[in-house]
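Open the model in your viewer and keep the selection panel at hand. The stops below go one selection at a time.

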Amino acid sequence: MADRYLSFTGTAPGRFLTRRLGLPQPAQLRREALTGGLLHLAAGKTELDLASVLDRTGLAPDTDGHPAAVVLDATGVRDVDTLAGVHAALHPVVRSVATSGRVVVLGAPLDPADHHQAAVQQALEGFTRSLGKEIGRGRTVNLVRLTDASAAESTLRFLLSPASAYVSGQVIEVGPAAGSPTAVPDDAELPLAGRTALVTGAARGIGAAVAGSLAGRGARVVVLDVPQAGQEARRLAERLGGTALALDITAADAGERIAAAVPGGLDVLVHNAGITRDRRLANMPAERWSSVLDVNLASVLRTTDALLAAGAVNRGGRIVATASIAGLAGNAGQTNYGASKAGIAGLVRSLAPHALAGHGVTVNAVAPGFIETKMTAAVPLFIREAGRRMNSLGQGGLPVDVAETTAWLAHPASGAVNGQVVRVCGQSLLGA
Ligand code: NAI
């Protein structure tokens, strides 16, 4: 279902009327290209070697005073006095950032031996999230905590590109690296060339978009979905030059069957299949509980274990699971779904640092907010409108926004991004 309000506020009379009535003013997000240059600022004394990394983002330095992107290096902020440098740097320029532009704040890991440094570095989170809520005009604000600029290159490229249009108010930690963080792919345009990716629940919706984004970067994709969706899965696989695998992911031997279908192993594994069976706990039969937990969490645990045990996840592999903001914030009527999706976050945080780092395998999650799919089109009008507007960007995201975020996590050069749960929610008010 199209977002008619967004289209209406994009017209001159619509803008006039909604402004007069004090209604939300969502901006059309740019998903093609950012328009404008890059402004590189710093607060505090920094040791980060950033200039060459920013050079390679493809954004020219800002010359006309309307930057498409502002990067503020605040890694050197160690006390309240130097924190004032954040205000001093951004106060004069924030108004001039282009529509649908980017503000990226760079912070340092919190120093457990220095509570002043830890306090002001944590302060950057509150700063980033507050600026994200007030900046408006489709502009996003994110914080990256890093120690090494080159390990963060793929992350900065993502955040400084149209691919991150619906990612705002996030805190992303980069490093220490799993394996080789800066593995430079042979072909920058096709970083996944020669790699095999499997996406579960890929016949439609977000999964289909993820398969498209990975195939667009050169991956051979395996489109997995239930046998009932076999025709759609085959059609998509054909279009993407991949293969379809008709399989119910809850089957006890799903992991073994996936391993058998990819004899050369998997480089990218995306656990996207998910279902909802909403009911308040007092009215929820055990079957509704178990079906959601089985598809959304138990099958993810089971297949991941089986694939790892079979050695079917290749060195340098990327595992991306799909959580949800409902799992992070909780949602009435979704105790089963919320539990399953919070479980995904727990799985990611536990598996990422210990089990796989020696093989350069990363494990991360995307947590979508309100995404325009068949699932959300079926939501009653008022709840749907609330879902669309109650975020800093005032609109729902598109499947491609989740897909592009997944593609960043799946990138060979994203080895230093590990154990992260990244929300793709336009900075939803839910659990923000
Ligand atoms: P969708 O319902 O459009 O697509 C889900 C796909 O998973 C379908 O093709 C379905 O056949 C497949 N699937 C379901 N059970 C399966 C099983 N047992 N084995 C194999 N395939 C199975 O859903 P949508 O909206 O594309 O969501 C994708 C993921 O994103 C899900 O995990 C969902 O929970 C999550 N999500 C979606 C949000 C949204 O706003 N659409 C918000 C937050 C999270």
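The tour starts at the ligand, moves to one helix, and then visits single residues.

**Before you click**

This is a predicted model, in which local features need pLDDT of at least 70, side-chain atom pairs count only at pLDDT 80 or more, and totals for chains, interfaces and linings use all residues. Residues are numbered from 1 along each chain as its sequence is written, and side-chain values use heavy atoms, with hydrogens and water left out.

**Stop 1: the ligand**

The shell holds 26 residues. Arg204, Ile206, Asp225, Asn272 and Tyr337 are the closest. By type, the shell divides into 13 nonpolar, 9 polar and 4 charged residues. Here Ala, Val, Leu, Ile, Met, Phe, Trp, Tyr, Cys and Pro count as nonpolar, Asp, Glu, Lys and Arg as charged, and the others, Gly among them, as polar.

Now show the N and O atoms. Arginine 204 has a side-chain N or O atom 2.7 Å from a ligand oxygen. At glycine 369 the backbone takes part: one of its N or O atoms lies 3.2 Å from an oxygen atom of the ligand. Threonine 373 places a side-chain N or O atom 3.3 Å from a ligand nitrogen.

How much of the ligand does the protein bury? The protein buries 92% of the 830 Å² that the ligand exposes when taken alone. Areas come from the Shrake-Rupley method with a 1.4 Å probe.

Colour by element next. Helix 7 (205–216), strand 7 (220–225), helix 12 (335–354) and helix 13 (374–377) each give two or more residues to the shell. Helices (H or I, at least four residues) and strands (E, at least two) are DSSP runs, numbered from the N terminus.

**Stop 2: helix 5**

Select residues 115–135. This is helix 5, with 21 residues. From first C-alpha to last it reaches 30 Å, close to the 30 Å expected at 1.5 Å a residue. The expected span is 1.5 Å times one less than the number of residues.

Look at the start. Aspartate 114 caps the N-terminal end of helix 5, with a side-chain oxygen 3.1 Å from the backbone nitrogen of histidine 116. Then look past the other end. Glycine 136 follows helix 5 and has a positive phi, near 70°.

Which residues of helix 5 are buried? Among them are Gln117, Val120, Gln121, Leu124, Thr128, Leu131 and Ile135. Buried means under 20% relative accessible area, exposed over 50%, and partly exposed in between (1.4 Å probe, protein chains only). An α-helix has 3.6 residues a turn, so residues three or four places apart point the same way.

Show what the buried residues pack against: strand 2 (69–76), helix 4 (80–90), strand 3 (102–107), strand 4 (140–145) and strand 5 (171–173).

Zoom in on leucine 124 in helix 5. Its relative accessible area is 0%, so leucine 124 is buried. Beyond four places in sequence, leucine 124 touches (heavy atoms within 4.5 Å) Ala74, Leu83, Val86, Val105, Gly107 and Leu143.

**Stop 3: two positive phi angles**

Select arginine 137, in the loop between helix 5 and strand 4. Its phi is positive, about 50°, although arginine 137 is not a glycine. Arginine 137 is partly exposed, at 40%.

Jump to serine 100, in the loop between helix 4 and strand 3. Serine 100 is not a glycine either, and its phi is positive at about 60°. Serine 100 is buried, at 1% relative accessibility.

**Stop 4: threonine 75**

Threonine 75 sits in strand 2. It is buried, at 13%. Its side chain makes a polar contact (N or O atoms within 3.5 Å, one able to donate a hydrogen and the other to accept it; residues adjacent in sequence count only if both atoms are side-chain atoms) with the side chain of aspartate 73 at 2.6 Å. Another, of 3.3 Å, joins the side chains of threonine 75 and threonine 46. Gln121 is one of the residues that threonine 75 touches.

**Stop 5: strand 6**

Select residues 196–200, which form strand 6. Alanine 197 is buried, at 0%. Its C-alpha is 6.2 Å from that of alanine 219, 22 residues apart along the chain.

Finish on threonine 200, also in strand 6 and buried at 3%. The side chain of threonine 200 reaches the backbone nitrogen of alanine 273 at 2.9 Å.

Terms used
A residue is near a molecule or strand if one of its heavy atoms lies within 4 Å of it.
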